[in-house]
Amino acid sequence: MLRLYKHIALFLLPLLIMLVSLPVDRRMAYLGLKDDCFNHGIWIHDRLHRQAAPVDVAFFGSSHTINGIDDSLIEASLSPLRVANLGYCRLGRNLHFALLKELLEAKEPRCVVLEVREDENRYGHPIFPYLAGTEDVLLAAPFFNKDIAGDVWTHFAYKTELLQDVLYRPEAPAATQTALYGFSASDDTVSVALLQEAAAGRKSFSSPENTLERNFYMCYPRAYLKKIGALCKSHDVRLCFLYLPEYGGADRRPAELEIYRALGYVWLPPSQILGNPDHWHDKSHLNQAGARALSRWVAERIAEIQ
């Protein structure tokens, strides 16, 4: 039986080595996510790798960032700096790290703005194994990383799928995305009653104490925050943290505030912006009026550090 296992291992080893070492067209990896986050992935890829326009200021975050940061408005306020909203639906610091590496490979940013909430997400982003490089997937931060085995499996399964597509189902190249800005928000305004109900349900939130249990669960996001901070520092990029809570969180402070302050600038928008019911599309996302107000405020903060 042991001999059989050895033969199986010897048979699979070359295949594993080939799978690890074979390059995959990075653009194909983004194209394969056309059903996720309204196909925002391929726009991010093409904005970084197929457009000549520089990216001096980049925003990373979730749909809060996509709906809340009007990159064209900020760019107009900071001319000649070029601004790109590279938000992607849902949070996960490992994806922000992978996208930051893509940004630094393709452009020479001067400032990176990272979305933060009332508390850090303990886990990774579900899209990380699809977009991250093999090295980053295999060497992911291990502490309290519940997805590490699944991410490795998903990464290689997706890589195999992409290679199969090249061999058996070649498709015509997709057109390059030419839009310069990633902002997207609705004009609609949510009812005040719904906002009040959402805010009432969040009143019980209080900043958690720095207990042993909390430090254990925060090992994973803190590891990636520090990796992001180190990467920005090594490229002489200013790192900023922008607080974008749900409605009702404007007067609170993020639980990891001291971690953010140790790594870069921290921006806490005033309640006049985040506490205004007319600025919200739903309890989680700003509408266009809210995004304009927030973006003007953020543009002023960026101007202060240039």
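**Close-up views of a predicted model**

**View 1. The disulfide of C37 and C89 is right-handed, with 80° about the S-S bond.** This is a predicted model, and the structure holds one disulfide. The sulfur atoms of C37 and C89 lie 2.2 Å apart. A disulfide is a covalent bond between the sulfur atoms of two cysteines. Where in the chain do C37 and C89 lie? C37 belongs to the loop between α2 (26–31) and α3 (40–49), and C89 to the loop between β2 (83–85) and α6 (93–106), so the link ties together parts that are 52 residues apart in sequence. Both C37 and C89 are buried.

**View 2. C111 is a cysteine in no disulfide.** The nearest cysteine sulfur to that of C111 belongs to C240, at 3.7 Å. Is C111 buried or exposed? C111 counts as buried because its relative accessibility is 0%, and the limit for a buried residue is under 20%. Another cysteine, C219, is partly exposed, with a relative accessible area of 34%.

**View 3. F38 has a positive phi value in the loop between α2 and α3.** The phi angle of F38 is near 40°, and F38 is a residue other than glycine.

**View 4. A cis peptide bond joins S79 and P80.** The omega angle of this bond is about 15°. P80 is placed in the loop between α5 (71–78) and β2.

**View 5. Helices α3 and α6 pack with their axes 9 Å apart.** The angle between α3 and α6 is about 25°. How are the two helices oriented to each other? Helix α3 is roughly parallel to α6, because angles under 35 degrees count as such. On the α3 side, the residues in contact are I44, L48 and H49. They meet L99, E102, L103, E105 and A106 of α6. By class, this contact between α3 and α6 comprises five nonpolar, one polar and two charged residues.

**View 6. D236 has a positive phi of about 55°.** D236 is not a glycine. This residue lies in the loop between α12 (219–234) and β4 (238–243). Is D236 buried or exposed? D236 counts as exposed because its relative accessibility is 71%, and the limit for an exposed residue is over 50%. P109 and D236 are 127 residues apart in sequence, yet their C-alpha atoms are 9.0 Å apart in space.

**View 7. The whole chain, shown for orientation, has 15 helices and five strands.** What percentage of the 306 residues is buried? Buried residues account for 48% of the chain. Among contacts between residues at least 6 apart in sequence, 80% join residues at least 24 apart. The chain has an accessible surface of about 15,300 Å², and carbon and sulfur atoms contribute 57% of that area.

How values were computed:
Residues are numbered from 1 along each chain as its sequence is written. This is a predicted model: local features need pLDDT of at least 70, side-chain atom pairs count only at pLDDT 80 or more; totals for chains, interfaces and linings use all residues. Side-chain values use heavy atoms; hydrogens and water are left out. Helices (H or I, at least four residues) and strands (E, at least two) are DSSP runs, numbered from the N terminus. Buried means under 20% relative accessible area, exposed over 50%, partly exposed in between (1.4 Å probe, protein chains only). Contact means heavy atoms within 4.5 Å. Accessible areas come from the Shrake-Rupley method with a 1.4 Å probe; for residues, only the protein chains shown count as cover. A disulfide is a pair of cysteine sulfur atoms within 2.5 Å. Axes are lines fitted to C-alpha atoms, for helices over the stretch in contact, and angles run from 0 to 180 degrees between N-to-C directions. Angles under 35 degrees count as roughly parallel, over 145 as roughly antiparallel, 65 to 115 as roughly perpendicular and the rest as oblique. Ala, Val, Leu, Ile, Met, Phe, Trp, Tyr, Cys and Pro count as nonpolar, Asp, Glu, Lys and Arg as charged, and the others, Gly among them, as polar.
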